[in-house]
Amino acid sequence: MTEFCHITPTAYLDLFATGRPFHLTLAHLVEQDKEYADWYAARDTSRSLIPFTNIMDNSAFEMYKQGREMYPSEKLIDMANKVAADYVVMTDYPGEPAMKTVQKAKEMAPQLKDAGFGTFFVPQGKPGDVQDLLDSFSWACSAEEVDYIGVSILAVPIAYGVEKDNKLQRFLSRWKFMAELDRNGILQIARKNDKKIHFLGMVDGPNEIELVKDYLWAINSWDSSAAVWAGLNNIRFDNSPTGLIDGKYEEEVDFSHVWKDNSMVGNAIFNMRYIDKLLEDKNECYV
């Protein structure tokens, strides 16, 4: 069964994140936003009553999109402790050779495990080199250093050469990559070795869920800000083939966004329910 995490600006955590069984927190936000960090710390005190899983991301997507250096690896454990994370996303390097991220994972995994965290590895690879990314994923499926594997919203389109200025191909890219993993028996190896798989973000519409429906059995969890952030910017999912006729809303999420308009909140709730219903319907096939 695939669990979904709706990422939201801090001011809307109570409304959109309360009670959900899965959360993805962002390291740079934990450091910068005390209200955000405290909200998750407070949730931990009631975890026995309302269980949830919290993956703390290393903010690679945000850093890459801003053209900044990756978030410092040495800060990740401290940030994870602040929000009582269960898993920590190890430092990865979008658009760089697979072995750079693999070597970093080998370095970080023992430290994270000693600190009591599960390890989350995000395969990366060289631009235009699908095999490099496949090799990275294959390594993770058998590596003792890895508990969770992320299918990146950056790595896969970069491998196919479609991350920018090609929304149609980008929308199809992770479906194609999952088919490659399946064809090569890599998904089956991951399942055999009890590796969890997570979809990081969402490409150019919520109907990516329908597109990869044949692989939801392998996808334990999925996160995206798409539903909330599009809604707060007056965009509702629609009946176009992707569910977003103009593709992904590219403006970076403003986590300091404040409540302005109840109609925008209604849009966000509509979008969240759209995704939740899609997953509910598709998950039923695998119960």
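**Close-up views of a predicted model**

**View 1. The largest cavity.** The lining of the largest cavity is made up of nine nonpolar, three polar and one charged residue. (Nonpolar covers Ala, Val, Leu, Ile, Met, Phe, Trp, Tyr, Cys and Pro; charged covers Asp, Glu, Lys and Arg; the others, Gly among them, are polar.) The model is predicted: local features need pLDDT of at least 70, side-chain atom pairs count only at pLDDT 80 or more, and totals for chains, interfaces and linings use all residues. Residues are numbered from 1 along each chain as its sequence is written, and side-chain values use heavy atoms, with hydrogens and water left out. On a 1 Å grid over the protein atoms alone, a cavity is a set of points where a 1.4 Å probe fits but cannot get out; a pocket is an open set with protein on both sides within 12 Å along at least five of seven lines; lining residues have an atom within 4 Å of a point. By this rule there are two cavities of 30 Å³ or more. The largest cavity has a volume of about 70 Å³. Its lining numbers 13 residues, and His-6, Ile-7, Thr-8, Leu-13 and Tyr-40 lie nearest the centre. E1, E2 and helix H3 (34-44) each give at least two residues to this lining. (Helices, H or I, at least four residues, and strands, E, at least two, are DSSP runs numbered from the N terminus.) E2 has the largest share of the lining, three residues.

**View 2. The largest pocket.** The volume of the largest pocket is about 680 Å³. Its lining has 40 residues, and Phe-61, Glu-62, Ser-225, Lys-248 and Val-253 are the closest to its centre. Strand E2 (22-26), helix H2 (27-32), helix H4 (60-65), strand E8 (221-224) and helix H12 (226-232) are the elements that give two or more residues to the lining of the largest pocket. H4 gives the most, with four residues. By class, the lining of the largest pocket holds 21 nonpolar, 10 polar and nine charged residues.

**View 3. The second largest pocket.** This pocket holds about 160 Å³ of space. Its lining has 11 residues; the closest to the centre are Arg-68, Glu-69, Met-70, Tyr-93 and Glu-96. Six lining residues are nonpolar, two are polar and three are charged.

View 4. (Buried means under 20% relative accessible area, exposed over 50%, partly exposed in between, with a 1.4 Å probe and protein chains only.) Strand E1 (residues 3-6) runs parallel to E8 and is joined to E8 by four bridges. (Strands pair if DSSP finds at least two bridges between them.) Strand E7 (residues 196-200) also pairs with E8 in the parallel sense, over three bridges. Asp-223 is the bridge partner of Cys-5. Asp-223 is also the bridge partner of Leu-200.

**View 5. Strand E6.** Both faces of strand E6 (residues 148-151) are covered. Tyr-148 and Gly-150 are buried on one side, Ile-149 and Val-151 on the other. Strand E5 (residues 118-121) pairs with E6 in the parallel sense, over two bridges. Ile-149 is the bridge partner of Phe-121.

**View 6. The nonpolar cores.** The largest nonpolar core has 85 residues. (Such a core is a set of buried Ala, Val, Leu, Ile, Met, Phe, Trp, Tyr and Cys residues joined through side-chain atoms within 4.5 Å.) Met-56 and Phe-137 have the most contacts inside the largest core. Beyond its neighbours within four places in sequence, Met-56 is in contact with residues including Thr-25, Ala-27, Leu-76, Met-79 and Val-89. (Contact means heavy atoms within 4.5 Å.) A second, separate core has five residues, among them Ile-153, Leu-154, Phe-171 and Val-203.

**View 7. Ser-59.** Ser-59 sits in the loop between strand E3 (53-57) and H4. Ser-59 counts as buried because its relative accessibility is 0%. Leaving aside neighbours within four places in sequence, Ser-59 is in contact with Leu-26, Ala-27 and His-28. Ser-59 and Val-89 are 30 residues apart in sequence, yet 8.8 Å apart in space, C-alpha to C-alpha.

**View 8. Two loop residues with positive phi.** Asp-194 lies in the loop between helix H10 (186-192) and E7. Phi of Asp-194 is near 60°, a positive value in a residue other than glycine. At 65% relative accessibility, Asp-194 is exposed. Asn-234 lies in the loop between H12 and helix H13 (262-283). Phi of Asn-234 is positive, near 65°. At 52% relative accessibility, Asn-234 counts as exposed.

Key: Points joined across faces, edges and corners; volume = space filled by probe spheres on them.
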